[in-house]
Amino acid sequence: MLHQKNLTVNAAGHLAVGGVDTLDLAREYGTPLYVLDEDMVRERMGLYVSAMGRYLPAGSGPYYAGKALCCKALCRMAKEEGMGLDAVSAGELYTALAAGFPPADICLHGNAKTEADIRCAIADRVGLIAADGEEELIRIDRIAGALGARARVLLRVTPGIDPHTFAAVNTGVVDVKFGVPIPTGQALAVTERALGLENIDLAGFHCHIGSQIFDAGPFLLEVDVMTAFLAQVREKTGYTAGILDLGGGFAVAYEEADAAPDCAGMIRAIGQRLEERCQAYGYPAPAVLLEPGRGIVAAAGVTLYTVQNVKDVPGGRRYVALDGGMGDNPRYALYGARHSAVVADRAGEDKTCSVTLAGRCCESGDLIGEDVALQTPRTGDTVAVLTTGAYNYSMASNYNRVPRPPIVALRGGQARLIVRRETLEDVAAYDL
Ligand SMILES: *Cc1c(COP(=O)(O)O)cnc(C)c1O
């Protein structure tokens, strides 16, 4: 019934994460509580590092997409496991640097970097900046010049691939806020412009086709489009790219029915296709960067809540009201994203109910899920919502002035706080 090997039912019938009883965690740290299986995070990081080292050209490696879950402890784990890091703002950059993350292994992303973001990145000697377009390239060039530095840049391009139809489509998918489209010819023109800028070192190209990609197909198409583009750029300008960043988007099994994707197999397939295409074009194989975010942390996270009340609407639904909600997990409200849930107190029992998990905010849309299969819930139970490691804490808010929950990391059966619980004083700390 539990679809991840780190989730078990212990002798007391309670849900355990990495062997640790979730009711003990709820008692010790309070709810709502983010629980992160650090052993699993490190295992996932190691999997990408080793598969990329094995199947992709020299210099290849994964950059953890910090936006999925960014705090100092995560940055330290990424560093220790040999990953680079993607940051999207001066705030993520600051967090990484404060955690001792080497700036040379950081890439700054974003479609609307501010002057301050760019200045921080260059002054802090960040290894790569993914430039989103022509205006931004010119701005990076100017700021680098003013700081007496050179900026090492990837140009973000839009290959025109819909990852969910596995098709190259020139319209629609290039009409997005990120990057410069290849199909319209703009990517080539902007590359020519980049090569002429004095303070820019063009290191290569970046693209990212989407998220929840379950098999290699869309990535292989991405390799096809990108290698054709590289060959075209070389023919028109003589420039050979050293780096090809294929972005993130490796899928996660959010629900019990989802099959866990085979990341190492996908990476091997990417490596084979890249080698084939590069041989066909007589192009020296570039180092490949991948940017897994949710693929690293989503499955390692579980959120614990306490049931505040259970309400049956006659002829309607059963509402299970929790002490958290969209403030700590906005994914259902934002995207209709689904998570499985378990009554942690009776995790071994069959799930005989279908419930609506309601949050505590003053907002009808504040739900964690609808039609969620669950053991019979009672007031006071601990409910565990699964697969919440990505885009929960990082997207959390103080809506209704609810303090954000802490994060407890589990390693080798030991729990430690990596982000403390916000207090009511924290919530009002900026008010004058
Ligand atoms: C969001 C994003 C990622 C990470 O996506 P996941 O689905 O979490 O793997 C990586 N790279 C870029 C540029 C992104 O925008």
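A residue counts as exposed when its relative accessible area is over 50%, as buried when that area is under 20%, and as partly exposed in between. These legends describe a predicted model.

**Figure 1. D371, an exposed residue with a positive phi.** At 53% relative accessibility, D371 is over the 50% cut-off and therefore counts as exposed. The residue belongs to strand β20, which covers residues 367–374. Its phi is about 50°, a positive value, although D371 is not a glycine. Most residues other than glycine have a negative phi.

**Figure 2. R401, a loop residue with a positive phi.** R401 sits in the loop that runs between β21 (382–386) and β22 (407–411). Here too the residue is not a glycine, yet phi is positive, at about 55°. The relative accessibility of R401 is 45%, so R401 counts as partly exposed.

**Figure 3. The cis peptide bond between T31 and P32.** The bond joining T31 to P32 is cis, with omega at about -10°. P32 is placed in the loop between helix α1 (22–29) and strand β4 (33–37). Most peptide bonds are trans.

Figure 4. Helix α8 takes in residues 217–237, 21 residues in total. From the first C-alpha to the last, α8 reaches 30 Å, close to the 30 Å expected at 1.5 Å a residue. An α-helix has 3.6 residues a turn, so residues three or four places apart point the same way.

**Figure 5. The whole protein, as context for the close-ups.** The secondary structure consists of 12 helices and 23 strands. With a radius of gyration of 23 Å, close to the 22 Å that the globule rule gives for 432 residues, the protein is as compact as a globular protein of that length. Along the principal axes, the C-alpha atoms fill a box of roughly 70 × 50 × 45 Å. Of the 432 residues, 56% are buried. Among contacts with a separation of 6 or more, 70% are between residues 24 or more positions apart.

Terms used: Residues numbered from 1 in each chain as written. Predicted model: local features only at pLDDT ≥ 70, side-chain atom pairs only at ≥ 80, totals over all residues. Heavy atoms only, no water. Helix = DSSP H or I, 4+ residues; strand = E, 2+ residues; numbered from the N terminus. Rg over C-alpha atoms; globule rule 2.2 N^0.38 Å. Buried < 20%, exposed > 50% of the residue type's maximum accessible area, 1.4 Å probe, protein only. Contact = heavy atoms within 4.5 Å. Expected span 1.5 Å × (residues − 1).
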